[in-house]
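Please read it alongside the sequence and the coordinates.

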Amino acid sequence: AKKNQKKKKKTNFMEGFAKRSSEAKDSLKESLKKAKKDYKILQDLNSQIADEEVAWRLTILQQVAEKILQYLEQNPERIPVAEEFIEIYQDKAVGLIQQYLALEKVQYSCSEMDETKACINRTLSSLLATYKTEFKRILDYQLMDLNAELDVFQSFMKEQPHEEENTFPEELKENFFHKRRTEKKKSSSKENYAALFLREIKFNK
């Protein structure tokens, strides 16, 4: 009986763990989904902004946001670290631009409106600095993990017997770099050609 009870407790624990793990994954997916939605909203709003200075600053801001989202999509375990970016900064950016656009559509020129534009530009500049800081903070966690693993691995290798230390042949490095750059250029040219070809097909349709 005790054996069955112990087995039941273990089963309940595993089921509870699996449930919590599934809920955590769902939560991460929802956070990323919200981040992507806010990004798309800002992209749509940007196309409606008449003031070129405001539109330009928002465009630069969105470029950083896109890099953050791409990183989070590839590294979903880092999403909790990006909570402030998702729930506060990007969310607030959406609200501010929506309010600004509503005022801009009134098309009424006055000193207060000019001050509002100046304030929006200052806020976007501050947000850009914040976005970059947040991205660095998100990356720092992975960099710390990697550096810790490298330290452990280096310590392990020092303990292993090995022959004299080998160095990478410098005389071959430039040839390697040249070949690599040439291959990248060829690959980029092929991708550009493919994109142009697809656009042409779409246009002709």
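The axes of helix H2 (residues 52–74) and helix H3 (residues 83–104) come within 13 Å of each other and cross at roughly 155 degrees, so H2 runs roughly antiparallel to H3 (an angle over 145 degrees). The model is predicted, so local features need pLDDT of at least 70 and side-chain atom pairs count only at pLDDT 80 or more, while totals for chains, interfaces and linings use all residues. Residues are numbered from 1 along each chain as its sequence is written, and side-chain values use heavy atoms, with hydrogens and water left out.

**Terms for the helices**

- Helices are DSSP runs of H or I with at least four residues, numbered from the N terminus.
- Axes are lines fitted to C-alpha atoms, for helices over the stretch in contact, and angles run from 0 to 180 degrees between N-to-C directions.

**H2 with H3**

- H2 passes H3 in a left-handed crossing, a term for a near helix turned anticlockwise from the far one by less than a right angle.
- The contact (heavy atoms within 4.5 Å) is made by Val54, Leu58, Ala65, Ile68, Leu69 and Leu72 of H2 together with Phe85, Ile86, Gln90, Ile97 and Tyr100 of H3.
- By class, the residues of this contact of H2 with H3 are 10 nonpolar, one polar and no charged, where Ala, Val, Leu, Ile, Met, Phe, Trp, Tyr, Cys and Pro count as nonpolar, Asp, Glu, Lys and Arg as charged, and the others, Gly among them, as polar.

**H2 with H4**

- H2 and helix H4 (111–159) pack with their axes 10 Å apart and at an angle of about 15 degrees, and they are therefore roughly parallel to each other (an angle under 35 degrees).
- H2 passes H4 in a left-handed crossing, and the residues in contact include Val54, Leu58, Leu61, Ala65, Ile68 and Leu72 of H2 and Ile120, Leu124, Leu128, Tyr131 and Phe135 of H4.
- The residues of the contact of H2 with H4 divide into 17 nonpolar, three polar and four charged.

**H3 with H4**

- The axes of H3 and H4 come within 11 Å and cross at roughly 160 degrees, which makes H3 roughly antiparallel to H4.
- H3 passes H4 in a left-handed crossing, and among the residues that meet are Phe85, Tyr89, Ala93, Leu96, Ile97 and Tyr100 in H3 and Met113, Ile120, Thr123, Leu124 and Leu127 in H4.
- The residues of the contact of H3 with H4 comprise 12 nonpolar, four polar and five charged.

**Cavity**

- The count comes to one cavity of 30 Å³ or more, a cavity being a set of points on a 1 Å grid over the protein atoms alone where a 1.4 Å probe fits but cannot get out.
- About 40 Å³ of space lies in the largest cavity, where grid points are joined across faces, edges and corners and a volume is the space filled by probe spheres set on the points.
- Ala93, Leu96, Ile97, Ile120, Thr123, Leu124 and Leu127 line the largest cavity, lining residues being those with an atom within 4 Å of a point.
- H4 gives the largest share of this lining, four residues, and the lining of the largest cavity divides into six nonpolar, one polar and no charged residues.

**Pocket**

- The largest pocket has a volume of about 160 Å³, a pocket being an open set with protein on both sides within 12 Å along at least five of seven lines.
- Its lining consists of Gln48, Ala50, Leu101, Glu104, Lys105, Gln107, Tyr108, Ser109, Met113, Asp114 and Lys117.
- H3 and H4 each supply at least two residues of the lining of the largest pocket, and the largest share, three residues, comes from H4.
- The lining of the largest pocket has four nonpolar, three polar and four charged residues.

Key
Angles under 35 degrees count as roughly parallel, over 145 as roughly antiparallel, 65 to 115 as roughly perpendicular and the rest as oblique.
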